[in-house]
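Okay, hi everyone, let me get the model up on the screen.

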Amino acid sequence: MADGRGEYREAIDFVTDTMASHAEKFHSLASEISELILRFEGVTTQLESMEKQLLRVRKTTEEVTGVLNARGSEVNNIANTTNTEINALSGTTRLAEQLLAGTGNQGAQDGLAHAHQAMSTAELARQGTETVSEGIVQTMDLTHMAMEQLIDRVGMQILAAKEKIAETAIATGVSATNLDTTSRQADLAAQDWRGYSNTL
Amino acid sequence: MASEFGEQIKLAGQAVGDQAGPLGVMADGVESMAGYLDPVSEKITEFMTQTRRLQEVAEEIVRMLAAQSVTLLEHHDTAVATSNELQSAGEMAMRLLVGATSSTALEGRREVNRATTTAQASIVDGDRLLQQMGEANTMAGDQMNPLIEAIYLKMAELSEKIEETRTSSRITVEGWRTSSDAANVASEKLIEYGDSL
C-alpha cells in the first residue's frame with residue numbers, strides 16, 4: 001500500500017512539474033510575441049517614411065506640372081504663329097515670282113531659289129514646331145494624369161498596409177495576453193497539484 | 001536710280017527680307033520652348049532617385065514582415081506542441097484523480113481544464129494572426145511594389161518623351177534659322193537685281 005501511494009504521488013508530482021514547466025514555456029512565448037509588437041512599430045515607421053517620401057514625389061510632380069502649365073499657352077502661341085509667318089513668306093515669294101516671270105537674270109533666279117528654300121525649310125520647321133509642341137503637351141499629360149494617379153494609388157496602398165499592420169499588432173497583443181493567461185492558469189494548476197501532492 | 005520695275009523687284013526683295021526677322025524669332029521661340037524641358041528633365045532625375053528610395057523602403061518592409069512571419073510561425077509551432085503536451089498532462093491528471101475527493105485536487109483539475117481551454121484558444125488566435133501577417137505582407141509588398149515599379153516605368157517613358165522632344169526642337173530651331181538665312185539671301189539678291197534695272 002505504501003509503495004502504491006509512492007507511485008501515485010510520483011505520478012502526481014510528474015503532472016505538477018509538467019504543468020509548472022508549461023506555465024514557464026507559455027510565459028516565455030507570451031514575452032517573445034510581445035516583442036514582435038515592437039517590430040510592428042518598426043514596420044509602421046518605415047511605412048510612414050514611405051508616406052513622407054511619396055509626398056516629396058507628389059510635390060515634385062506638381063512642380064513639373066506647374067512649370068509646364070505656366071508655359072502651355074506660350075507654347076500654343078508659338079505653334080500658332082508659325083502658320084502666319086509661313087503664309088506671309090509664301091505671299092511675298094509669289095509676288096517676287098510674278099514680277100520675275102520670264103526674266104533670265106541669274107541674280108534674280110538665285111534670289112527666287114533662296115526664297116523657295118526659305119519657304120520649304122520654314123514648312124519643315126513648322127512641322128517640327130508642332131512635334132515639339134505635342135511633345136510638351138504629352139509630357140504634361142504623362143506627368144499630370146499618369147504620375148499623379150499612380151502616386152495616389154501608392155498612397156492609398158500605404159494607408160491600407162498601415163491599417164493592416166495596426167490590426168495585426170493588436171491581434172498579436174491579444175495572442176500574447178492569452179498565452180500569458182494560459183501560463184498563469186497552468187501555474188495555478190501546478191500549485192494546486194503540488195498542494196495535493198503534499199497532502200498524500 | 002532703279003526703273004519702276006526695278007523698284008517693284010526691290011520692294012518684293014524687302015518684303016522677303018522682312019520675313020527673315022520673324023523666322024529668326026520663331027527659332028528663338030522654339031529654343032525657348034525646349035528650354036522649359038530642362039527643369040522638367042532635372043526633376044525626372046530627382047523623381048527616379050526618390051522612386052528608387054521608395055522601392056528600397058518597400059523591400060525593407062517586406063523583409064521585416066517576412067522575418068516576423070517566420071518568428072511567429074516558430075512561436076506558433078511551439079505553442080501548439082506545448083498545448084498538446086499540456087492536454088496530455090491534463091488527461092493523465094484526470095486519470096490519476098479518479099475517485100479523489102480532496103478539494104485541492106479538484107481545484108487542480110479545474111485549473112488544468114481552464115489552462116487547456118485557454119491554450120486551445122491561443123492556438124486559434126495564432127492561426128488567425130498568421131493569416132493576418134500574410135495579408136499585411138501582401139499589402140505592403142506584393143501589391144505596393146508593382147505600383148512603385150509602374151511609377152518608375154512611367155518616368156522612364158516621360159524621360160524618353162522629353163529626349164525625343166528635345167531632339168525635334170534642335171532640328172526645328174536649325175530649320176527656322178536656315179529659313180531665315182535663306183530669306184535674307186533671297187532679299188539681297190532681289191534688291192541687287194532691282195537696283196541693276
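I'll start with the ground rules, then do the interface, and then go through a few residues.

So, ground rules: this is a predicted model, where local features need pLDDT of at least 70 and side-chain atom pairs count only at pLDDT 80 or more, while totals for chains, interfaces and linings use all residues. Residues are numbered from 1 along each chain as its sequence is written, chains are lettered from A and ligands numbered from 1 in the order in which they are written, and side-chain values use heavy atoms, with hydrogens and water left out.

Taking contact as heavy atoms within 4.5 Å, 103 residues of chain A touch 95 residues of chain B. On the chain A side, M50(A), L99(A) and Q157(A) supply 7% of what chain A buries against chain B, more than any other three residues.

What about the polar side? Across the interface of chains A and B there are 15 residue pairs in polar contact, both at pLDDT 80 or more. A polar contact here is a pair of N or O atoms within 3.5 Å; within protein, one must be able to donate a hydrogen and the other to accept it, and residues adjacent in sequence count only if both atoms are side-chain atoms. The elements giving two or more residues to the chain A side are α1 and α2 of chain A, and α2(A) brings the largest share, 53 residues. Helices, by the way, are DSSP runs of H or I, at least four residues, numbered from the N terminus.

There are also 4 salt bridges across that interface, meaning a side-chain nitrogen of Lys or Arg within 4 Å of a carboxyl oxygen of Asp or Glu. Take K43(B) with E63(A): the closest N and O atoms are 2.5 Å apart.

Now some individual residues. Q132(B) sits in helix α2 of chain B, residues 103-142. It's buried at 15% relative accessible area, where buried means under 20%, exposed over 50% and partly exposed in between, with a 1.4 Å probe and protein chains only. Beyond four places in sequence, Q132(B) contacts K164(A), E167(A), T168(A) and A171(A), and its side chain makes a 3.4 Å polar contact with that of E167(A).

S83(B), in helix α1 of chain B (residues 4-96), is buried too, at 1%. Its side chain has a polar contact of 3.3 Å with the side chain of Q120(B), and among the residues S83(B) touches is F26(A).

Then T172(B), in helix α3 of chain B, residues 144-196, buried at 3%. Its contacts include A125(A), G128(A) and V30(B).

Methods:
Buried area is the accessible area (1.4 Å probe) that two parts lose on being put together, summed over both.
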